[in-house]
Amino acid sequence: MNDLARTRERRESRNRWLLLTPALVILIFAASGPLLITLVYSFLTAGDYGGIKWDFSTDAWFNVFFQRDIFDDTLSFADAHLSIFWRSVKLSLLTTLGAIVLGFPTAYFIATRPKHHRDFWMLLIMIPFWTNLLIRTFAVMELIRNEGTLNTLLMAISVIDAPLQILFSETAIIIGMLYVYLPLMVLPLYASMERLDFSLIEAGYDLYASRLAVLRRIILPLVKPGLIAGSILVFVPSLGAYVTPRVMGGGKQLMLGNLIELQFGQGRNWPLGAALSITLLAIVMVALLFYVRVAGRERGGHG
Amino acid sequence: MIEISGVSKAYGAGKARVMALNDVSVSIAQNEFFTLLGPSGCGKTTLLRVIAGFVDPTEGTVTMDDDNLLALPPHRRPVNTVFQNYALFPHLTVRQNIAFGLEMLGKPKAEITETVEEMMVLVQMDGMADRQTSQISGGQQQRVALARALAPKPKVLLLDEPLSALDFKLRKSMQIELKRLQTETGITFIFVTHDQEEALTMSDRIAVMHAGSIRQIGPPREIYDQPAERFVADFIGDTNFLPVKIITAQGSEAQVELGSGKRIAARVNKEHSDGDATTLAVRPEHARVVPEADGLMTGRLCNLVYFGTDTHYHVDLDDGIRFVVRVQNNTDMARSAAQGDRIGVTFPAGIGQVLRD
């Protein structure tokens, strides 16, 4: 009797592990493995023609933040890297902000349509999302380039005399990223707005709240989870964006993704690339921790 | 105090045009407990939402103390609503919910604190101020919703079927509670319900609505005893409908001839000319079962339904009409008749009501 129970328990335990195997394999080889390799690479020496030499070195990490002058050997901050860090964070924050400003009314509009119309509007949001990233980016480029639709139109109606130089600027990168990542903001916002009980909004009006007060005191607190999820979904990929800054920034306005690619490509400095990648990951983790802390405190405050 | 005149609300256009409200006029007095009663889809909630400001009427005017209410957006009307599902703010505590309206009105902090405490005592929720709205029961949520709507001291409180989600016992006690609150605060209550009993027990006056218009307005007793038309008689309580012929009609008195050929006095609201064929409404509890020879009408007892406090006699009259008599279980007669027996049915003169066609 006791033996039987033990055998069965052992068999069940074995079955559980067997069922978990596919997930574990993916976690180990596809998620943790590459990350571990990147971490190891960042502490090795760069090979002469790319690749790595198996000699321990902290040079890569040193070079992420500092640079040594070739001539007089003085130490200074790696201005180029730091300005790229700063630009990446700044552009990602601005993109997230822009996505909130554009995505919030969009999601609200869709959530307030009759039920059978909402799918249609969501489809319109999703169609660009299913299109190739590069093609979408080139489409935006066509819109804002000097001889593009926007400039031609503005010049035709004599608003401007010379074309606006938008392309190959930080603005262009923001516009490009905004277009690419907007659905990631609209989707979670829509999900939380669809669940919103609109009689609460009526209750707000009924209790003498103006439109602004209803938005600030009722709608915003209630859709906050969607707002936070959307912000994370937009901010994280923006920070690591590669194609959009490359195409829209014209190779002049580098972001972290481009800098990392450079080290693995022409730069032939794999350890530095690896160290920059880990730095990017760290920035994302810090941002996420901040979000979680803020969201957690809010929820804690209300029990 | 509130004057509603000629209010109509149409949805859609052309053939799909639906009249949610059709030329509704009613005036509601200061400090009145006024009930809009009717089946679902009769327009009672639409009328309430017109007063609250969430629905713009297609036609008509609504004034309060001679101010045009329709010109004001919902958040500027001195009117508060208790919503059907309470609509308590889930991200705020009980106290914050009750304080919301006062904060929006920009009242000083001290006054808000004081009023909130006062309201909590009024609805018997003191000591629960810092609970989350999800942590309290349905009945308590109901009280918080009431307190929240009463706190800004509105001139009129609108209640949209606020008791429908509560269980039977709680509903009973809240009915008494609501009436108490209305008397204590002196605020005009406009109460929407489909529950006739709720309407009869609480209201000063009832407006019975059907298909977007008001069919009858009056005190509960008048609505019950003197229904103006078939819909009202049928919707409120149980009623027997008898086809009759008017013999003579004078003022509110009429002589009518029943299907059996016998004549009896009845009440009438509207002018009828002699000889008109019309309908007489008789409440089951107003009629009696008697031996065949004494009956105003005669028939066969086809069913006896026992209800504890009373027994329902279902009688198939000779002219083919099913007539129900409700008898309190205290007479020997109740036990002497058996299914299949031929019996008589009678009711006092002047108790039947001639209905509007």
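The points below concern the domains of chain B, the contact between chains A and B, and two loop residues of chain B in a predicted model.

1. Conventions. Residues are numbered from 1 along each chain as its sequence is written, and chains are lettered from A, ligands numbered from 1, in the order in which they are written. The model is predicted: local features need pLDDT of at least 70 and side-chain atom pairs count only at pLDDT 80 or more, while totals for chains, interfaces and linings use all residues.

2. Domains. Chain B has domain 1 (2–226) and domain 2 (238–355), with bounds from an automatic or database domain assignment. Taken over C-alpha atoms, the centres of these two domains of chain B are 39 Å apart.

3. Contact between the chains. Chain A contributes 17 residues and chain B 17 residues; two residues are in contact if their C-beta atoms, placed from the backbone, lie within 7 Å. On the side of chain A that touches chain B, α8 (198–206) and α9 (211–239) of chain A each give two or more residues. The most come from α8(A), with six residues. Helices (H or I, at least four residues) and strands (E, at least two) are DSSP runs, numbered from the N terminus.

4. B:Ala87 lies in the loop between β6 and α2 of chain B and has a positive phi of about 50°, although it is not a glycine.

5. Burial. A residue is buried if 20 or more other C-beta atoms lie within 10 Å of its own, exposed if 12 or fewer, and partly exposed in between, with C-beta atoms placed from the backbone. B:Tyr86 is buried, with 21 such atoms, and B:Ala87 is buried, with 24.
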